[in-house]
Amino acid sequence: MPQVLKWIDTPPVWLAGALLLAWVQARYLSLGLVFGDWAGAVGGVLVALGLLMICAALWQMLRLRTTPVPHRVPAVLVTTGVFALSRNPIYLGDALILTGLILRWDAVVSLALVPVFVRLIGVRFVAIEERRCRAAFGAAYDAYETRTRRWI
């Protein structure tokens, strides 16, 4: 894959695309559907949790001098902190942000994007990263995979 495409084919770009679709749907194709008054507050909490999870995961990875870039082999298997809750806390944070903004924007129809996004990230990145980690860390990764769920 050419280097430019590797940087375009990243989870933040996929998240931005999903968010753009949700925003366009909310703005131009709402179909008169709304969640209600509760959605803005719940959406805000989900966005905040997603950002917190992403920041905590990135901080841990950088502190341990391993890469957060999906197309690279990690130097260290991170299994503590938010990585003890989820093997993919950054992707979980992305999904929380997507869900939260869909709620805040009253993009009811776009809720269908959440499972599509999770599946796409799972196939496009998670499965590949798991194979890479299994090859790099062997039994340690297998043990981590056994005790820690993929998402939550």
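What is the relative accessible area of W23, and how is W23 classed on that basis?

1. The model under review is predicted. In it, W23 has a relative accessible area of 37% and is therefore classed as partly exposed. Y28, by contrast, has a relative accessibility of 55% and counts as exposed, because the class of exposed residues begins over 50%.

2. The count of aromatic pairs comes to 4. One of them joins W23 and Y28: the ring centres lie 6.1 Å apart and the planes meet at 85°, so this pair is edge-to-face.

3. F35 and W38 form an aromatic pair with ring centres 5.9 Å apart. Their planes stand at 65°, and the pair is therefore edge-to-face, since angles over 60 degrees fall in that class. F35 is buried, at 18% relative accessibility, whereas W38 is partly exposed, with a relative accessible area of 47%.

4. The charged end of R124 is placed over the ring of F125, at 5.6 Å from the ring centre.

5. Turning to helix packing, α3 spans residues 38-63 and α4 spans residues 89-104. Their axes approach within 7 Å and cross at roughly 160°, which means that α3 runs roughly antiparallel to α4. The crossing of α3 past α4 is left-handed.

6. The contact of α3 with α4 comprises, by class, 19 nonpolar, 7 polar and 2 charged residues.

Note on methods: Residues numbered from 1 in each chain as written. Predicted model: local features only at pLDDT ≥ 70, side-chain atom pairs only at ≥ 80, totals over all residues. Heavy atoms only, no water. Axes fitted to C-alpha atoms, helices over the stretch in contact; angles between N-to-C directions. Helix = DSSP H or I, 4+ residues; strand = E, 2+ residues; numbered from the N terminus. Parallel < 35°, antiparallel > 145°, perpendicular 65-115°, else oblique. Left-handed = near helix turned anticlockwise from the far one by under 90°. Nonpolar A, V, L, I, M, F, W, Y, C, P; charged D, E, K, R; others polar. Phe/Tyr/Trp six-rings, centres within 6.5 Å; stacked < 30°, edge-to-face > 60°. Buried < 20%, exposed > 50% of the residue type's maximum accessible area, 1.4 Å probe, protein only. Lys NZ or Arg CZ within 6 Å of the ring centre and 35° of its normal.
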